[in-house]
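Have the model open as you read.

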Amino acid sequence: MTQYASGPSASNQGRALRVLFSSTLAFTVCFAVWTMFSVLGIPLKAELDLNETQFGLLIATPVLTGSLVRVPLGFLTDRLGGRAVFLAVMLVCVPPLYLMAHATTYAQFLVLALFVGLAGGTFSVGTPYVARWFAPERRGFAMGVFGAGNSGSAVTMFVGPAIIGAFGWAMLPQAYAALMLGTAVLFWMFSHSDPAHRVPSGVSFTQQLKVLRDPRVWRYCQYYSVVFGGYVALALWATKYYVAEYGFDLKLAALLATIFSLPGGVLRALGGWFSDRFGAYTVTWWVMWVCWVCFFILSYPQTRMAIQTQHGEVALSIGLNAWVFTALLFIVGVAMAIGKASVFKFISDDYADNIGAVSGVVGLAGGLGGFVLPIMFGALLDITGIYSSAFMLLYGAVCVSLVFMHYSFRGAPRAGAELREGHATA
């Protein structure tokens, strides 16, 4: 496989950088579209009179499609090249975006959301596409920069409420349809393709699938379902949480939600740099611990109690105010951004010749986490009536991850040097 490192000419360097930045721009727009219902879902919830579980399903439906197509898109990227596949996915998303402005029923929104969700599959296209333009020692950073397109969710939270407030909810999908089409044109103009980056035609689909027998692939799926699936779920749920728990209006709620979603996307490049420098294992281990502590605190519900003392009854209120809550959510966003990059550093180290297939499988696991979790958030809220039950669920998921990681890497130092000679055998 031809790599960027083997051709250090100025033209190759320029092509690699143009591919990186055009792909990052395109992925940012795709991610903004993919998480559009984090804002759009709130007026639709009122208009369609949805309960919490129905709302969770609505905002999660695009995530389902974007997750399921990641594996086939990863394989197609290996075989056809990332540039053509990326463009095709973006163009396919334009018609359903435009039609969404004319939907009137819950079922229509769900069907159109399934097609719009294809935009989320571009992650498994862009990751191998970008990675193959860079040498192994720079791939972690390059994939981190590309992954910073996750900040598209913050773009939606910035512009979505303003568009809805000024023109109504129907204008948001129409504006995004125009934005997607324009970005597709820019991407094609400034990106490049290299036939040497494709998997040789003699490698069959079945041969590519053999990598799934490797237990390391499933281990990385588990980690990614927490750091990416959890990020997507919270990016979709945070605006609604601020509105319901603290009584904020849509604009303020969405603005505060960006404090989580923006670093959760932009700082992925920092996670790539950390992973290149300190190793994927060490970085991922500490990410899990930071999330564990934060979710433990965030899980505590707003509580009022009365204590009988010799001087009479003393009332106590225990709970997080909006500012402490936001600060903890910000820390979680930073940790998840770093963790998303560190997991894919594992993949680029172990599967340099089959990044598309493996990143598709791992991306599928993470996306399915982002699909299932919002629905479970809504169901738990309907059952318990406790808003912080969402964080209780995430706390449990991180506990499982830490235990799983401990036994998978038994014998590795918990906070020391990265395994230099390959990862521990599962």
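## The second largest pocket

The lining of the second largest pocket splits into 9 nonpolar residues, 1 polar and no charged (Ala, Val, Leu, Ile, Met, Phe, Trp, Tyr, Cys and Pro count as nonpolar, Asp, Glu, Lys and Arg as charged, the others, Gly among them, as polar). Keep in mind that this is a predicted model, where local features need pLDDT of at least 70, side-chain atom pairs count only at pLDDT 80 or more, and totals for chains, interfaces and linings use all residues. Residues are numbered from 1 along each chain as its sequence is written, and side-chain values use heavy atoms, with hydrogens and water left out.

Who lines this pocket? The residues are F274, T282, V283, W286, V287, V290, I331, V334, A335 and I338. Two elements give two or more residues each, α16 (280-298) and α17 (322-350), and α16 gives the most, with 5. Here a pocket is an open set of points on a 1 Å grid over the protein atoms alone, where a 1.4 Å probe fits, with protein on both sides within 12 Å along at least five of seven lines; lining residues have an atom within 4 Å of a point. Helices are DSSP runs (H or I, at least four residues), numbered from the N terminus.
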